[in-house]
Structures are given as C-alpha cells and as structure tokens.
Amino acid sequence: MSTDTPSSAPRPRATIAAIPAYVAGKPPVPRPGQQVFKLSSNENPYPPLPGVVEAAEAAVQRMNRYPDMGNGELYAALAERLGVRPEQLAAGTGSVAVLYHLLQAFCEPGDEVVYAWRSFEAYPIAVSANGATSVRVPVGPDGRHDLDAMASAITDRTRVVVVCTPNNPTGTAVSDAELRAFVDRVPAHVLVVVDEAYREFVRAEDPVDALALAAAHPNVAVMRTFAKAYGLAGFRVGYLVADPVVAGAVRACALPFGVSTVAQAAAVASLDAEAALLERVDALVEERDRVVATLTDLGWQVPEAQGNFVWLPLGDRALDFAAEADRAGISVRPFAGDGVRVSIGEPEGNDVFLEVAASWVRGGGDGEGTA
C-alpha cells in the first residue's frame with residue numbers, strides 16, 4: 001500500500017487548477033403536458049438533410065477502420081469550395097479543438113492571448129490549459145469588440161489575438177474595414193485568429209472577408225465550423241484556414257485520427273448540399289429578425305444580432321430570467337452577472353421565449369437589462 005502523503009501525490013500544473021468549468025447549454029426540464037424547447041446551445045433546429053444522413057450511414061459501415069488521419073477528402077472539398085490550397089487547412093473536433101491545437105503550437109507558458117470579454121466561454125479554458133495568460137478586453141456597452149483597446153492591450157508577451165465575429169454571446173459583428181484596420185496595427189509576429197463560427201448568419205452591410213485578409217497577411221488565421229449553419233454539432237468538425245506554416249503547426253499538434261470517418265463524410269456531404277442548407281440559414285435569419293423586431297417593440301434594447309441567437313444584457317438578473325424561461329418550457333443560456341443568450345430555434349419555441357420576454361417587461365423587468 002502506498003504511504004504517500006497528499007503533499008507528495010501527483011499534482012497537476014497550477015494553471016490547471018485555475019481553469020473554469022465549461023458550462024454547456026442545458027436541455028429544458030421535461031414538464032407533463034407542456035412542450036419544451038432547447039434554446040440554450042445555438043444549435044441548428046433543423047434535422048440533417050437526407051443526403052448527409054445517407055453519407056454518414058455509409059461511413060458507419062467502415063467503423064472497424066481508422067479514419068483518414070490526413071482528412072484528404074474533406075481538405076480537397078474545402079480547398080475547392082474556398083479557393084485555398086489543402087496545405088492551408090487544419091481540421092479538428094470542432095473549431096474549439098482547433099484553437100487548443102493552435103495555442104499549443106504558438107504559446108509558451110506565460111505568453112499572452114488577447115480576446116474580448118464577454119466572448120466565447122471556451123477561450124479562457126483553452127488559454128489556461130496551454131499555460132498561457134488571458135488578457136480580457138471588455139466589450140463596449142453595445143456588446144461590440146473594442147478593437148482599439150484590444151490593439152492597445154498587445155504587449156511584447158502577446159502571441160495570439162482572437163476576434164470572434166459574430167461574437168458569442170453578444171451577437172455583434174465587426175466590419176471588414178474595422179478588422180482590416182485592426183490587423184494593420186497588430187505586429188507581424190502576433191497571430192490574429194478570426195473565429196467565424198457564425199459567419200453564415202451575418203447580414204451586415206460590410207461583412208468580414210476573412211479569407212481575403214488571411215491571403216494578404218500571413219499572421220491571420222480563420223476558424224470555421226460545421227456545427228452551426230451546417231447542423232453537424234453532434235459530429236464535431238471544425239477547421240482552420242491559414243498560411244501553410246501556421247496550418248502545418250496546428251496539424252502537428254492535432255490528436256491523431258481526431259475527426260471520425262462519419263464526421264468527415266457528413267461534412268463533405270454537407271458541402272455538396274450547401275445550397276439547401278443555406279436556404280435553412282436564410283429561414284433562421286428571417287426568424288432571428290422577427291424575434292429582434294418583436295423584442296424591440298416590447299421595449300427591449302438588445303445588441304445587433306448577427307448570429308443565430310440574441311443577447312439580453314440583464315446583468316445581475318440573468319439567472320432570474322433563465323428561471324422564468326424554464327418555467328415556461330424553454331431553456332436559455334444565462335451568464336451570471338452579464339446576461340442571457342437565447343438561440344433561435346423552432347418558431348414555436350421562439351414564440352414561447354417572446355411571451356416570457358413580454359411577461360418580464362409587464363412584471364416590471366427592465367428591457368435594457370439594468371434593473
């Protein structure tokens with residue numbers, strides 16, 4: 001029997017103990033006689049298209065074989081669709097895994113990673129897991145990135161800057177002109193990661209052309225995913241487009257055989273079915289705009305919504321709103337002290353959310369989120 005004392009037992013790195021837990025969107029609580037809706041995870045509410053299901057089912061028949069570690073068919077399809085070379089691509093089990101690999105490749109312990117806050121909850125987790133240091137730059141009152149402040153936060157210890165556009169959870173997007181001006185201020189040795197998980201939902205006047213920016217700047221990398229618009233959240237496929245040196249470093253850190261055979265097949269089939277999928281995206285954008293317009297009519301002041309979700313800046317009352325939504329049969333994603341993110345789902349679920357939002361205002365709640 002071991003006689004080791006607790007002080008002599010194996011201990012993880014100090015940064016691991018400081019990693020915050022990732023809080024996933026919870027499913028709604030089942031209630032007898034009440035239809036419930038999950039609006040907490042920014043998932044695509046539409047079921048997969050038939051061609052995608054058939055491709056995945058065919059791939060299941062090869063489950064006794066390892067996946068293509070080089071993601072050859074997926075890279076070929078992406079390269080053709082995006083107008084890039086396969087060596088500019090790096091895939092992973094979701095774009096968050098790609099970010100983990102990228103930080104592992106480019107950050108030494110103590111190096112700094114600059115990003116907006118509040119932004120994607122996985123950023124501080126990925127930074128700490130790789131021994132780097134987070135530099136959080138507050139978003140503005142309108143929920144938008146403060147790119148001037150982010151540029152000013154760059155020091156000689158900065159290795160990576162992340163720009164999430166549209167920003168999760170506030171929903172705002174930076175413009176192409178803003179991002180280009182920002183990149184011009186970033187030192188050439190600092191990697192700018194443009195996280196475009198929700199790019200397909202953007203309808204802004206000057207949308208970011210991140211691929212063109214990456215083509216002109218070797219220190220710009222673009223992250224995208226099949227989880228949102230393409231509806232493959234359960235299969236975990238994300239990818240990066242970057243200079244071959246950057247992409248190669250990310251691939252070198254990737255888990256071998258990480259993206260499954262089924263996931264690769266479904267992703268390729270989704271690219272083939274892109275026209276039909278983007279029709280669904282248009283429908284979700286139309287529904288998003290209906291939700292935002294109704295909230296505005298009710299007196300809510302919400303940030304610009306360019307993703308497949310809306311943000312309610314409720315501050316300290318976020319958990320109260322989430323509890324009220326749960327009682328009505330919908331799950332939303334509260335961020336204690338900041339606000340509530342509500343995904344755009346089925347119209348019926350969205351209607352329940354709007355009823356909760358109206359009841360909140362009638363009950364004396366503040367649509368500006370400052371009460």
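**Interface between domain 1 and domain 2**

About 2100 Å² is buried between domain 1 and domain 2, with 53% of this on carbon and sulfur atoms; buried area is the accessible area (1.4 Å probe) lost by two parts on being put together, summed over both. The model is predicted, and local features require pLDDT of at least 70, side-chain atom pairs count only at pLDDT 80 or more, and totals for chains, interfaces and linings use all residues. Residues are numbered from 1 along each chain as its sequence is written, and side-chain values use heavy atoms, with hydrogens and water left out.

Domain 1 comprises 24-47 + 274-362 and domain 2 comprises 52-272, the bounds coming from an automatic or database domain assignment. The domain centres, taken over C-alpha atoms, lie 25 Å apart. Contact (heavy atoms within 4.5 Å) involves 23 residues of domain 1 and 26 residues of domain 2.

Four salt bridges are counted between the two domains, a salt bridge being a side-chain nitrogen of Lys or Arg within 4 Å of a carboxyl oxygen of Asp or Glu. Glu-274 and Arg-81 form a salt bridge in which the closest N and O atoms are 2.6 Å apart. On the side of domain 1 that touches domain 2, two or more residues each are given by helix 11 (274-298), strand 9 (309-312) and strand 11 (333-335); helices (H or I, at least four residues) and strands (E, at least two) are DSSP runs numbered from the N terminus. Helix 11 gives the most to this side, with eight residues.
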